[in-house]
Amino acid sequence: MLRELNIENVAVIQKAAVQFFSGLNILTGETGAGKSILIDSINAILGNRTTREIVRNGADKAVIWAMFDGIDGLLAKRIGEEGYDCDGGELVLYREISADGKSQCRINGKPATAATVRDICNDLINIHGQHDNQSLLNPQKHITIIDSFCEIDDRLCAYRETYSKLASTKRAIDKLTFDEAEKERRIDLLSYQIDEIRRAELIEGEDKELSDKRNLIKNSEKILEALESSHELLFGGEEGQGALDMVLPQPTVWNLSATAQRIFQTGRFACAIHIICSAISPKS
């Protein structure tokens, strides 16, 4: 149950601390005394949505702190599953809402999201309004209400543990079945790939040869442009004579030019480079 509630800078309340005891606790006061502010503070500490309007005018932030004791086994286990300690059956919740609307929550001193707090603390307090009962209108709470009425906490814990083991065993079986199917699929894939490699009749060093051919094809346009430019410089073109016209007899130049043209047409660029280099060698 809720044992203590402390609030600071919430709405019109600068600071207040309220202690609760077993049995009936009544808060009285005239209109505007702040009774509803305490209810709003409890809603906020349970992770429910709130706004920066809850922060007192002129304050940087609103702070709400609450301590619960007598936490039952089921809730303590739920809190532990979320990674929070609940030693001694006590639970301390803390929430801070800044004036810019940002919010921070803590569960027993550890940071938490508002959604986590709301999920864990859904059963801590049930707030009854004048015309509604929040938990009775929530279908997800109906089974919990029935279980609580039947007073079967011990059997419920045993059932949940057994069900958890069953689910774990089923996942293990499914994993083994999946692994067997995955192994068969892997064998089929590898067998197909091995067969393709065999049919390709690969030879040592073939990858380098293919890589060289690929580079030649990738750069064929640049090589062709360079060769055509070299041909024009050596044998001449529309704009005038080439370099060989000036150093070799005309018939030799014609023969070299005709040979180079045939090489260009067949695309044998490497041989063309060899012919051009031979044409301008010193023995010419």
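How exposed is E82, going by its relative accessible area? E82 is partly exposed, at 34%. Keep in mind that this is a predicted model.

Let's stay with E82. Its side chain meets that of R78 in a salt bridge, 2.6 Å from N to O. R78 is partly exposed too, with a relative accessible area of 25%.

Now, the helix called α2. It covers residues 73–81. At its start sits a contact from D72. A side-chain oxygen of D72 reaches to within 3.2 Å of the backbone nitrogen of L74. At the other end, G83 follows α2. The phi of G83 is positive, near 95°.

Together with E151, D153 and D154, D72 forms a negative patch. Where is E151? E151 sits in the loop between α4, residues 142–150, and α5, residues 153–200. Is E151 buried or exposed? The cut-off for exposed is over 50% relative accessible area. E151 has 70%, so E151 counts as exposed.

Next, α5. One of its residues is Y159. Y159 has a relative accessible area of 52%, so Y159 is exposed. Y159, Y163 and L166 make a nonpolar surface patch. The area of that patch is about 380 Å².

On to charge pairs. Side chains of opposite charge can pair when their charged atoms come close. How many salt bridges are there in the model? The count comes to eight. Let me take two from α5.

Here is the pair of D174 and K170. Their closest N and O atoms are 3.0 Å apart. Both residues lie in α5, four residues apart, which is about one turn of the helix. K170 counts as exposed, at 52%.

The other pair is R185 and E182. Their side chains meet in a salt bridge, 3.0 Å from N to O. R185 is partly exposed, with a relative accessible area of 46%. E182 is partly exposed as well, at 30%.

Which residues are joined with E82 into one network? R78 and D119 are, through salt bridges that share partners.

Conventions:
Residues are numbered from 1 along each chain as its sequence is written. This is a predicted model: local features need pLDDT of at least 70, side-chain atom pairs count only at pLDDT 80 or more; totals for chains, interfaces and linings use all residues. Side-chain values use heavy atoms; hydrogens and water are left out. A polar contact is a pair of N or O atoms within 3.5 Å; within protein, one must be able to donate a hydrogen and the other to accept it, and residues adjacent in sequence count only if both atoms are side-chain atoms. Patches are made of residues with over 30% relative accessible area and no salt bridge: like charges are joined within 9 Å, nonpolar side chains (Val, Leu, Ile, Met, Phe, Trp, Tyr) within 5 Å. Accessible areas come from the Shrake-Rupley method with a 1.4 Å probe; for residues, only the protein chains shown count as cover. A salt bridge is a side-chain nitrogen of Lys or Arg within 4 Å of a carboxyl oxygen of Asp or Glu. Lys and Arg count as positive and Asp and Glu as negative; His and the chain ends are not counted. The place of a charge is taken as NZ of Lys, CZ of Arg, CG of Asp or CD of Glu. Buried means under 20% relative accessible area, exposed over 50%, partly exposed in between (1.4 Å probe, protein chains only).
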